[in-house]
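Student: Please take a close look at one helix-to-helix contact in this protein. I would like to know which residues meet there and how the two elements are set against each other.

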Amino acid sequence: MHAYAANVYTTVVEELMKGKQRKFIAVEQEFFRLWWDAVATDTHKQQVHQLLQEGRLEFVIGGQVMHDEAVTLIDDQILQLTEGHGFLYETFGIRPQFSWHVDPFGASATTPTLFALSGFDAHLISRIDYDLKANMQKNKKLQFVWQGSPSLSERQEIFTHVMDQYSYCTPSQIPFSNRSGFYWNGIAAFPDPPKDGVYPNMSLPVTDTNIHLYAQTMVANIKERAAWFRTSDVLWPWGCDKQFFNASVQYSNMDLLLDYVNKHSDEFGVTVQYATVGDYFQAVYSRNLTWEVRDSQDFLPYSTEPFQAWTGFYTSRSTLKGIARRASSLLYAGESFFTQYVLKHPAGSICKCRALKQLQSLRWAVSEVQHHDGITGTESPKVKDMYMNNLMYGMFNVKKLMASIIFDMNNAKKNGEVYSSVYNIDSGIPGATDVHQYVVVYNPLAWNITTFVTISVSHLAMGVYDELGHPVPAQVQSSVESHSTYDLYILVAISGLSYRKYSVKPLNGKQSAFIGKSVKYKRKDITRADQQSRRLFPVVNNCYQVLFDQNTNLMHSITERETNQTIQLTQEFLEYHVNGDVMKGPISDNYLFAPNASAVSISKAVGLELVSGNLITEIRQYFYSNVTTQDYIYAVYTRIYTVPEGYDGKLLCHRIEQEYSVGPLELNREAVLRTSTNLNTRQLLYTDNNGYQIQKRPFKAYVNNTVARNYYPMVQTAYIEDDTMRLMLLTERAHGVSSQGNGQVEVMLHRRLWNNLQWDLNYNLTLNDSSVVRPVIWLILGTKSVTNILYRTSGLALEHRPVVMFGALSDKPKVPGQLQQNSVSSPVTVPPNLHLQTLSIPGWRYSSNHAEQVHSIRMGKQKQGDADFSRVLLRIRHLYEVGEDPVLSQPVMVNLKSLLKGLGSVVLVEERSLTGIWDVNALKRWKWKTVQYPSKGTSSNNLTVIQTPEKIHLSTGDYTEIACIWEKSIERYRVNWYLVNKENITKTISSKLFYVSNITCESKDVLVIKSANINDTGFYYCEIIIEIPFCKNVCGNGTTVIVEEKEAHLLKKRDLAIWTVIPFLVVVGSLYLCYKKKQHSKLAGSAQLPVLAGRHQEEQMLEVAELHGTNESTNEAAEENSSCNSAGWVVSTLYESLDSFCNESRGKDDKSTATVVSNAADKQIPQTRAAETSRTRRGSTIYFDIQN
């Protein structure tokens, strides 16, 4: 690790101990953990514990890195946040409550929701569009309550502070010196510090001569900033990039300055103090002001001035973006594969500790690349190589682990060849397999899938067979990658979280794969094409007819066959030419996109090859600069699939798969694919935020740089539409996307740049990327209702494609009874509007009881040793927004006992916050007053239900009413009424779903018995189920109803006593079970454990219990190995009502208070490999972690 990163923490900790008034904030755990594990002494570690307890050192955000917000996937954001939070909680017992997201290039609306679900009380950002910030600053609107999710709205809102025009750095210019101000240690020079100790741009030391000048400068800036905010509390950040590597000189100078200002506070009109971000937000919160609400609109794109649109990084280093996402997807598969293996095969031969380290190597690599100077492509080539190496190393480890599990479960001999072939195929560089191989295909999704997997083979005549020896539909055709190999497409149908084994053999008899036939069309000069007499040829499957124009070899139109709707559609590659000389105008670089003019078409001729077969039709288009050029720079491979009868081909049929080959580009070129249609879109584009929610992107006209400022990030989804039809694009890596004309959508695929900007040259931040990139995009065409159903699941199917592994061929086919061996456990399947987002064993060792965890840390008794393999992390995510689809947007009740029966019996479920460190019942988030909800306090999960009357005596034919009343307003809830009859059988009488927006009545529901009869006798009780934002049910106290014949007015007291007691026991039992589901490990075997998945992608965590094998024949063995064959669970569901915390207001001061927050923001991850030591953590419960 560089001396800079080490020196920051070493010197800061030492200097904080020298003054009780001194404070500091730390952000990224990647840096801190490297220091903690490799540099910090025992004394340093004791001091850190003390400083945290005293509140003088504060961790904000607490993730592995400060993640980018534009091009990252929500699953990866959650992963890196969970990794950091787990370390902090296990090591220190602390749980971050505030963010410091000051450096990402624009702000996504996903982030405030993510932080709210993680238990944060306030959020801080900085980089938003310059003109928007100026307007907000002028009108004192830099602080607001942000409701980032349109479905969660106020349930997961968070107070947000936008840094003013000075951003997160101390003002660098001071009037009495030509050096920077307040940077007394200068600017860090690494990796080699200056030998004389004199760093660049060191500020003048504070002396008696200049202290008054320093104070005047500081106070003037404080007052300038105070005018932009509503309270007299001013956040004055002290520090910047590459600061505090010599904290001694920093604090010794600032101590003098703060003392001087406070001693002259009457003169200056301010008091100043060291503070953390938490101190500042606490001061603002105590003012008890009412704040405006911002809806779910994000702050993208980001510009710093008219010709500096930070939209280039949406595409920069496309290869890194692609590998990062593939690594994330492989990690998702590896986590669930390993978790199932541990739970169902506790006696397996694989070393669990070593296996967990293999997974952790990829967790670390995927987490660190989410850095805002990582996956963005804005790092130097040397740092990019570090990210790539770490990702490839982690992927190799996980592939090797998955292969080991396959071998262990099939009692096969492990050998290096198989590991190597697994590595190659999953890395996108498949080598041709020899004959007599089997292919193992794992489905990492919790749905049944039907799709094609592709492998390279050496022979054209091949046969593919399943475990029983039956032939499997497959097609062989010439490869686009090599003239010496062939592509073998195998149709696989696999249950959720299961794998299948297919044998691949050379032709042996008549049962062979279909052979795709190739027809090559003459290259066409598209500049001279006859537009009057078109010659069209169709490519058809059950869902689409795609027409190609033989005059141009370009796509002409697509017809959606179910509705018979046709749209005109053509595609072309274009390039934006950009400037590289700062003396000649604005430049493009890793960050910025600044085109000289409109995009230019680069192809004058197009070649076409049609490869058709019974299963796949592939259209290969090659784009040339002219008719005679030999080599092409651009190519498109378009595939549509035909699914045989007997297979569920809904998703497979409804996608047009396109793979592109782009590059190498000429210097200072930016390549785009423009798709033009006849849809009347009015230049309205829709793109996703982090694969989480959709943003509307109307085209905006600017005086300057209109093209670049209308580019947006497409992480997973983009679409255009008119009144009837929608064209959707799904992608497996991030791209910049824009609609530069009506009915158009263009995707930036590649960039190659160089410029002479000195700052870029100093840090080697040019983008001379001469690679060839091969991104994949799926097109879906249909009505809005059809595409709504398809795109969520299709996007995940693209993101989490099956994992393919190879091995030696079995000697003989299995018999039907042996097929079960090819599942790690029984299949796991969730409803189509849910996604099993996380299923893993994190290895945490901390206690889920907070008081116990903190006590053990303070007593120095943290759990040591191996990781805890009995904890499982489970997250279930609802995929649809409220109102997006009339059926799929509805809440879903999930029975965990049934869902996870293949892994064992769910005994205990504990509900946790998004990153697992909070028990949601103990989480009390601050509730900020807003114009919508002016009352301030804490949001509470408590709900009191009163039912009246308690007893009713009726005669047959009588009319009566029973009222169920609850105390607080609920946004969405269900009211169920139950009757426990004489036979002690519980019957559901009614079930009604209510929305606050649809009703005007009070919080009350009435059950009416119009004409009583004898069978109405029994015990009635109501149940209120809060379905949004988290599953919580509360029962009423109950009403005893006794109906007698009119001639019999007296009831024996003993009969009445019996019916009073029995229903009472039933009600108490139900309330007890509802409560004990989360508290006690003995009850879940007899009680269902429903987990409600409602609202869009809201997430919460259930910390889970012990799993015991469900096979009765293995119960005895399970008891003997209970420590191995048991698991706890944590469920996270992206929607929950997190409680808020209300502090007492502090008295207002007549003087402004400046909060000085010291920070050392770091621009890039150090180029040092993370330590390979185990980062496992032990706890009292297990998780189940499904990661993609």
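Tutor: From helix 2, the residues that take part are Gln 29, Phe 32, Arg 33 and Trp 36, and their partners in helix 4 are Glu 83, Gly 84, Phe 87, Leu 88, Thr 91 and Phe 92. The model is a predicted one.

Two packed helices are described by the angle between their axes and the distance between the axes. For helix 2, which covers residues 29-38, and helix 4, which covers residues 74-92, the angle is about 40 degrees and the axes are 10 Å apart. Helix 2 is therefore oblique to helix 4, since angles under 35 degrees would count as roughly parallel. The crossing of helix 2 and helix 4 is left-handed.

Ile 61 sits in the loop between strand 2 (57-59) and helix 4. Its phi is near 65 degrees, which is a positive value in a residue other than glycine. Ile 61 counts as buried because its relative accessibility is 0%, and the cut-off for buried is under 20%.

Arg 682 is not a glycine either, yet has a positive phi of about 55 degrees. The loop that holds Arg 682 runs between strand 28 (669-677) and strand 29 (684-689). With a relative accessible area of 58%, Arg 682 is exposed.

Two cis peptide bonds may also be checked in the model. One joins Leu 300 to Pro 301, with omega near 0 degrees, and Pro 301 is placed in the loop between strand 8 (293-294) and strand 9 (303-305). Another joins Thr 948 to Pro 949, with omega near -10 degrees. Pro 949 belongs to the loop between strand 45 (945-948) and strand 46 (951-955).

As for the setting, the protein has 22 helices and 59 strands. Its residues number 1188, and 63% of them count as buried. Among contacts with a separation of 6 or more, 78% come from residues 24 or more positions apart. The accessible surface of the protein is about 43,400 Å², and carbon and sulfur atoms account for 50% of that surface.

How values were computed. Residues numbered from 1 in each chain as written. Predicted model: local features only at pLDDT ≥ 70, side-chain atom pairs only at ≥ 80, totals over all residues. Heavy atoms only, no water. Helix = DSSP H or I, 4+ residues; strand = E, 2+ residues; numbered from the N terminus. Buried < 20%, exposed > 50% of the residue type's maximum accessible area, 1.4 Å probe, protein only. Contact = heavy atoms within 4.5 Å. Areas by Shrake-Rupley, 256 points an atom, 1.4 Å probe, with all protein chains shown as cover. Axes fitted to C-alpha atoms, helices over the stretch in contact; angles between N-to-C directions. Parallel < 35°, antiparallel > 145°, perpendicular 65-115°, else oblique. Left-handed = near helix turned anticlockwise from the far one by under 90°.
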